[in-house]
Amino acid sequence: MDARSVDVMVIGAGQAGLSAGYHLHRTGFTPGTGFVILDADDGPGGAWRHRWPTLTVDRVHGFHDLPAMPFPAAAPQRRASEVVSGYFSAYEQEFDLPVVRPVRVEAVTSLPDGRLEVRTDRGRWTARALINATGTWSRPFWPHYPGRAEFRGRQLHTADYRGPEEFTDQRVVVVGAGTSAVQLLGEISPVAANTTWVTRRPPDFRDIDFTPEHGRAAVALVDARVRAGRPPSSVVGVTGLPVTPEVRRLRAQGVLDRLPMFERITPDGVAWSDGRFVGADMILWCTGFRAALDHLAPLHLRAAGGGIEMDGTRVIADERIHLIGYGPSASTVGANRAGRAAVTEIRALLARAAVLD
């Protein structure tokens, strides 16, 4: 099958990809020939369509509007996955965004003529520039611990979580110090036989109001890492955990009394070097995600530090490639700004190439 040609390819139709699509269309790129958005999912919503059913609108920690369309008012108890997916669907239609789905991108390579070849399970595209907005949801991180393969119970990741019912009357170990671990402990603890919270570092609770200054400082720290070519830390990891009324309730109940990380997993539980043992029927790994960038491996973008050296959204090693929803732009407001910035730089790049031609 002959390759289809576009000026700009966007991979991913979550918040970052839709923001980029909006700015591409607004600045004169023609949908379908000037740019295309490839998305691996069956329908709109990005990673949000996969969020667990018990994550309701009132429990989402801030969702920023996409450009030029306010996030709709919704009943607090509605599922966030449904509300956000509906919002993204309406956005794609309102701004005539050319989303092609489901398409799984297998590899991006560089062609001799300077274009990029995007190979997918539905054929090939070529593009003059690429905006990658694949996020992290498809790459859950499972840390290795001795004995994990011998555990006789069930092991789930946050990405597998579908509600507290399957934890009923189970002894559950929850691993991880992030927001997801706290939220899921709050849901699981009332139905489980018991829960044990285990973290590698003490959880970073902050009983303060998060101001825009705090947010900017956090983004700046993550930005410094990616500029140095180091793997990004999450913005949430830098900001810490807000002390909400729910956190105070869980603390009072003892649910958030954490233990340091265990040394090994046994067939029937987890064990520490000091002899402590906790029996478990289930281990829930709330250990985060990694950037889904394997399809870019043929371009050899990674720096010696293990990450991808960036200047804003632009990859230092290849100015044709922009990463959004990565590092400092891995938030809804950050993704919006990154989409606009990437499109501005790509327009300049293509304009310079046109002059040289």
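In what order do the 5 strands of the open sheet stand, and is their pairing parallel or antiparallel? The order is 7-16-8-9-12, and the pairing is parallel. Strand 7 (154-157) and strand 12 (258-260) lie at the edges with a single partner strand each, so one side of each has no neighbour in the sheet. On average, neighbouring strands here are turned by 25° against each other, direction ignored. The structure is a predicted model, in which local features need pLDDT of at least 70 and side-chain atom pairs count only at pLDDT 80 or more, while totals for chains, interfaces and linings use all residues. Residues are numbered from 1 along each chain as its sequence is written, and side-chain values use heavy atoms, with hydrogens and water left out.

Helices (H or I, at least four residues) and strands (E, at least two) are DSSP runs numbered from the N terminus, and two strands pair if DSSP finds at least two bridges between them. Within the sheet, strand 8 (residues 171-175) pairs with strand 9 (residues 194-199) in the parallel sense over 5 bridges. Val175 has Val198 in strand 9 as its bridge partner. Helix 3 (residues 179-188) lies across strand 8, strand 9 and strand 16 (282-285), and runs at about 170° to strand 9; such angles run from 0 to 180 degrees between N-to-C directions, with axes fitted to C-alpha atoms, for helices over the stretch in contact.

Another parallel pairing joins strand 1 (residues 4-11) and strand 2, over 4 bridges. Here Val8 stands opposite Phe35 in strand 2. Strand 2 (residues 35-38) is covered on both faces, with Phe35 and Ile37 buried on one side and Val36 and Leu38 buried on the other. Buried means under 20% relative accessible area, exposed over 50%, and partly exposed in between (1.4 Å probe, protein chains only).

Turning to the helices, helix 1 (residues 15-26) packs with helix 2 (residues 80-94) at an angle of about 15°, their axes 11 Å apart. The two are therefore roughly parallel to each other, a term for angles under 35 degrees. In helix 1, Gln15, Leu18 and Tyr22 meet Phe88, Tyr91 and Glu92 of helix 2, contact meaning heavy atoms within 4.5 Å.

Where does His23 belong, and what does it touch? His23 is in helix 1 and counts as buried because its relative accessibility is 5%. Leaving aside neighbours within four places in sequence, the contacts of His23 are Pro67, Asn336, Gly339, Arg340 and Val343.

Trp52 sits in the loop between strand 2 and helix 2 and is buried, with a relative accessible area of 4%. Beyond neighbours within four places in sequence, the residues in contact with Trp52 include Trp137, Thr158, Tyr161 and Arg162. Between Trp52 and Ala80, 28 residues apart along the chain, the C-alpha atoms are separated by 8.7 Å.

Some backbone details are also worth a look. The peptide bond from Arg101 to Pro102 is cis, with omega near -10°, and Pro102 lies in the loop between strand 3 (99-100) and strand 4 (105-110). Asp96, in the loop between helix 2 and strand 3, has a positive phi of about 50° although it is not a glycine. Asp96 is partly exposed, at 48% relative accessible area. Asp169, in the loop between strand 7 and strand 8, has a positive phi near 60° and is exposed, at 60% relative accessible area.

Notes:
Parallel < 35°, antiparallel > 145°, perpendicular 65-115°, else oblique.
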